[in-house]
Amino acid sequence: MDNHFQSPVDRFVTLLPRQLSGSISSDENAELSEILANYPDLRLQAELFAAMWDQEKKVFPSVEVKEAYMRHFLKYKSEFLFDGEQDQIGGINNAEINFTSAKTVFLPKWKQLMAAGLLLTITITSFLFFYNPKSVSKEQSPAISSVITKYGNKSKINLPDGSQVWLNAGSRLDYNSLDFNKTLREVDLSGEAYFDIAHNVAKPFIVRSGKMQIRVLGTMFNVKAYPEEKNIETSLIKGSVEITINDRPQDKYILSPNEKLVISNNGLAQKSPTLNTVNVSKADKENTDIIALKKVEYHAIEKIVVETAWVQNKLVFKSEKFSDLAKRMERWYDIEIRFRNLSKKELKFTGIFTSETIQQALKAMRVVHSFTYMKENNIIFID
Amino acid sequence: MIVLKPQITIAELQLRIFHNEQTAYKELFELFYNKLFRLAFIITKSRELSEEIVSDVFIGIWRRREHVLEINNLRLYLYISVKNTSLNYLAQLTKTGVVCLEELDFEPLQPFSNPEEILVTKEMNQRLNDAIQNLPPRCRIIFKLVKEDGLSYNEAAELLNLSRSTIDNQLVLAIKKLTKALFYSFSTSKNKS
């Protein structure tokens with residue numbers, strides 16, 4: 001009922017709130033982008049409304065919310081376990097104290113960075129939506145939009161179809177801004193990203209990453225595919241995804257929520273001893289790939305899903321080899337870690353970092369295992 | 001720095017509540033308390049009642065936690081439950097029966113809490129604020145639900161028992177009025193094209 005008779009400006013006013021609230025169809029989104037390309041003076045308006053939509057709204061400060069929960073808890077206390085009881089069940093109480101205290105330390109810094117973050121998000125978003133991406137990309141077709149995160153940084157991308165992508169440090173996401181959303185929604189990923197895909201049965205969303213391809217309709221999942229790491233992991237939180245591996249398109253792996261598919265990364269695949277411990281599924285007896293279906297890891301003490309914890313700014317590791325953890329720390333802290341004593345690579349660590357500096361993190365790790373470290377410029381030597 | 005989109009947390013929280021985790025339940029409560037309280041308050045105009053309503057709705061989730069994964073859209077479920085419970089309370093109190101949510105009056109929140117962060121001037125923010133206050137009631141509550149609460153058109157339509165096209169029209173109206181407030185010096189000439 002709405003279209004041909006309206007002026008572009010009227011169409012803009014109709015489409016803008018649809019886009020901001022994620023209620024826009026892909027065709028409409030393309031139409032909106034076109035209007036903005038043709039009427040540059042509407043961009044400021046679009047950006048201001050986008051910023052307004054992003055504002056965090058609070059009636060009560062968090063202290064009052066916590067008090068409200070206490071009243072609620074006391075009112076129905078017979079239906080809950082008391083803290084003391086919880087403690088007996090499994091030390092949950094202790095862990096929770098640590099968790100909340102860590103959070104309090106963490107908050108002010110978070111707040112400080114919020115201002116910068118808001119601006120950054122707006123910039124990236126508007127950049128992707130409103131400008132011809134010519135200037136972003138080199139040595140490739142002008143239609144390719146790229147978002148690249150350096151070590152120590154993360155970013156959030158709003159795709160033109162309303163899907164959202166959180167990009168972890170040292171990662172890159174590319175998509176063709178002309179073709180995206182025409183018949184398919186295709187992106188290329190190198191590194192780690194968390195996807196929250198807008199539902200659209202007509203236009204499947206495809207993530208191409210190294211040797212595999214993930215096809216989804218609308219869902220939330222995490223992909224970890226750093227070229228330098230030995231495994232590629234896809235963890236599903238909600239919905240369903242279908243994974244194919246490029247060199248054998250006949251096999252399809254369908255994940256259910258709470259499952260994760262681990263594929264060894266052929267590029268660098270040395271036969272590492274840890275890989276022998278995973279369950280090899282029936283589908284790939286004779287193949288060089290090593291594929292395992294696992295459960296998404298759940299950190300019972302921190303109450304957090306390990307695979308997606310980074311989105312909440314937490315570096316979580318569970319009996320992880322120092323050599324693997326070091327790679328993640330390099331990206332997380334934007335530093336380089338070199339092992340001068342190679343035996344230390346095999347040490348295993350379990351823990352969680354939030355606001356710790358690299359120094360504090362290493363100090364904490366030294367409590368668990370004996371090693372020494374030396375920091376020279378941006379390089380940390382492990383001895 | 002990344003601000004977590006609530007839905008991610010909701011899907012995870014739902015799973016954890018299903019696994020009897022009281023802390024996940026607490027997180028869910030704290031995540032939605034502000035918004036649900038406000039919805040209840042818009043309807044009941046009573047702080048005590050609003051708190052009780054939100055409390056009622058939440059304990060229902062905890063009591064039936066073994067079924068919590070069957071809820072498709074937990075956020076919408078919470079909003080609808082709070083709306084219905086509030087209207088029931090109100091009907092009992094006033095004995096008048098039907099109350100229409102979209103005709104209720106309320107005060108919207110500030111459009112920008114920190115306008116300087118995004119280079120919006122004080123006057124612009126004030127004009128915007130006045131414009132939101134002066135939206136017709138139905139338009140205002142739809143704008144509130146879609147913008148402040150982040151509901152989709154379909155969710156807002158379902159919550160208010162309105163058609164999607166009504167949501168559409170009302171938001172067009174809101175955007176037009178707010179645009180006029182923001183750029184009032186030159187927007188009028190542009191609207192007639």
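This is a predicted model: local features need pLDDT of at least 70, side-chain atom pairs count only at pLDDT 80 or more; totals for chains, interfaces and linings use all residues.
Residues are numbered from 1 along each chain as its sequence is written, with chains lettered from A and ligands numbered from 1 in the order in which they are written. Local features need pLDDT of at least 70, side-chain atom pairs count only at pLDDT 80 or more, and totals for chains, interfaces and linings use all residues; side-chain values use heavy atoms, leaving out hydrogens and water.

**Hairpin in chain A**

Helices (H or I, at least four residues) and strands (E, at least two) are DSSP runs, numbered from the N terminus. Strands β2(A), residues 155-158, and β3(A), residues 164-167, run antiparallel and are joined by 4 bridges. Two strands pair if DSSP finds at least two bridges between them. N158(A) stands opposite Q164(A) of β3(A). The hairpin has 5 residues between its strands, and G162(A) takes a positive phi near 95°.

In a regular strand, side chains alternate between the two faces of the sheet. On β2(A), both faces are covered. S155(A) and I157(A) lie on one side, K156(A) and N158(A) on the other, and all are buried. Buried means under 20% relative accessible area, exposed over 50%, partly exposed in between (1.4 Å probe, protein chains only).

**Mixed sheet in chain A**

An open sheet of 3 strands has the order β17-β20-β19 in chain A, with mixed pairing. Its edge strands are β17(A), residues 336-339, and β19(A), residues 373-376, each pairing on one side only. Neighbouring strands are turned by 20° against each other on average, direction ignored. Axes are lines fitted to C-alpha atoms, for helices over the stretch in contact, and angles run from 0 to 180 degrees between N-to-C directions.

β17(A) pairs with β20(A), residues 379-382, in the parallel sense over 4 bridges. E336(A) stands opposite I379(A) in β20(A). Two helices lie on the sheet. Helix α7(A), residues 322-333, lies across β17 and β20 of chain A and runs at about 160° to β17(A). Helix α8(A), residues 358-368, touches β19 and β20 of chain A, and its direction makes about 165° with that of β19(A). Contact means heavy atoms within 4.5 Å.

Helix α4(A) covers residues 62-75. Its 14 residues should span 20 Å at 1.5 Å a residue, and the end C-alpha atoms are 20 Å apart, which agrees. The expected span is 1.5 Å times one less than the number of residues.

V65(A), A68(A), Y69(A), H72(A) and F73(A) are the buried residues of α4(A). Seen down the axis, they fall within an arc of 140°, so they line one face of the helix. The arc is that of the directions from the helix axis to the C-beta atoms. These buried residues pack against α2 (22-44) and α3 (47-63) of chain B.

**Aromatic pairs**

Rings of Phe, Tyr and Trp (its six-membered ring) pair if their centres lie within 6.5 Å; planes under 30 degrees apart count as stacked, over 60 as edge-to-face and the rest as tilted. The count is 22 aromatic pairs over all chains. Two tilted pairs follow.

| Pair | Centre to centre | Angle between planes |
|---|---|---|
| Y69(A) and F73(A) | 6.3 Å | 35° |
| Y25(B) and W62(B) | 5.0 Å | 45° |

Y69(A) and F73(A) are 4 residues apart in α4(A), so about one helical turn separates them. Y69(A) is buried at 3% relative accessibility. F73(A) is buried too, at 8%.

Y25(B) in helix α2(B) and W62(B) in helix α3(B) link distant parts of the chain, 37 residues apart. Both are buried. Ring pairs join residues of both chains into a cluster, including Y69(A), F73(A), F80(A), Y25(B) and W62(B).
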